[in-house]
Amino acid sequence: MVEYRIDRRSGVATYLQIVQQTRQALRLGLLEPGDKLPTAREVVEATAINPNTVLKAYRELEREGLVEARRGLGTFVRKSLGSAPADSPLRGELAQWAARARSAGLEKEDLAALFNAVLEEQFAPTDAAPLARTDAGTDTRTDARTDAPTAAPTPAPSKGDSA
């Protein structure tokens with residue numbers, strides 16, 4: 001069973017934290033179709049949040065087709081997400097990378113920003129050329145298939161140009 005952890009300082013609505021944590025558990029295979037979610041009462045006792053917040057999160061998950069409420073029985077998982085099991089070798093590699101980054105002095109937010117930037121690069125639509133930085137610091141577009149520049153860097157302004 002999933003145990004929700006609420007971060008009151010995150011700036012993310014409590015019900016969304018429950019939705020996100022449930023989705024993550026589904027992606028990692030920690031929750032599978034047929035599994036029962038904790039009751040609203042159990043979540044309230046564990047997290048000290050309003051029962052209506054839990055019910056709102058469960059309704060959102062139900063609206064997305066991920067869970068279904070069965071009157072008198074509880075809320076059950078209808079389908080899973082993704083295919084990255086919690087014990088995947090990639091998880092171990094990512095944990096090692098995160099440990100190296102942390103020992104290099106990066107904060108949690110720095111890691112998240114770096115990871116998200118790499119995700120955006122790796123999962124960008126193939127028709128949109130990613131931005132590449134040149135040694136001079138100018139942006140160029142590259143062809144995703146060949147990594148070759150598709151446009152010349154923007155020239156620096158000449159002395160006669162005004163800024």
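1. Basis of the model. The model is a predicted one, in which local features need pLDDT of at least 70 and side-chain atom pairs count only at pLDDT 80 or more, while totals for chains, interfaces and linings use all residues. Residues are numbered from 1 along each chain as its sequence is written, and side-chain values use heavy atoms, with hydrogens and water left out.

2. Overall fold. The protein chain has five helices and four strands, where helices (H or I, at least four residues) and strands (E, at least two) are DSSP runs numbered from the N terminus. Along the sequence these elements come in the order α-α-α-β-β-α-α-β-β. Of the 163 residues, 21% are buried, a term that stands for under 20% relative accessible area with a 1.4 Å probe, counting protein chains only.

3. Contacts and surface. Among the contacts (heavy atoms within 4.5 Å) with a separation of 6 or more, 44% join residues 24 or more positions apart. The chain exposes about 12200 Å², of which carbon and sulfur atoms supply 51%; accessible areas come from the Shrake-Rupley method with a 1.4 Å probe.

4. Helix α1. This helix covers residues 14–27 and, with 14 residues, reaches 20 Å from its first C-alpha to its last, close to the 20 Å expected at 1.5 Å a residue, the expected span being 1.5 Å times one less than the number of residues. Its buried residues are Q17, I18, V19, Q21, T22, A25 and L26, and what covers them includes α2, α3 (51–63) and β2. Just after α1, G29 takes a positive phi of about 80°.

5. A69 has T75 in β2 as its bridge partner. Three residues lie between the strands of this hairpin, in which G72 takes a positive phi near 80°.

6. Residue T47. T47 belongs to helix α2 (residues 40–47) and is buried, with a relative accessible area of 10%. Apart from neighbours within four places in sequence, T47 is in contact with Y4, I6 and R8.

7. Charges over rings. K56 lies over the face of Y15, at 4.2 Å from the ring centre, and the charged end of R70 sits over the ring of F76, 4.2 Å from its centre. The criterion is that NZ of Lys or CZ of Arg is within 6 Å of the ring centre and within 35 degrees of the ring normal.

Technical notes: Buried means under 20% relative accessible area, exposed over 50%, partly exposed in between (1.4 Å probe, protein chains only). Two strands pair if DSSP finds at least two bridges between them.
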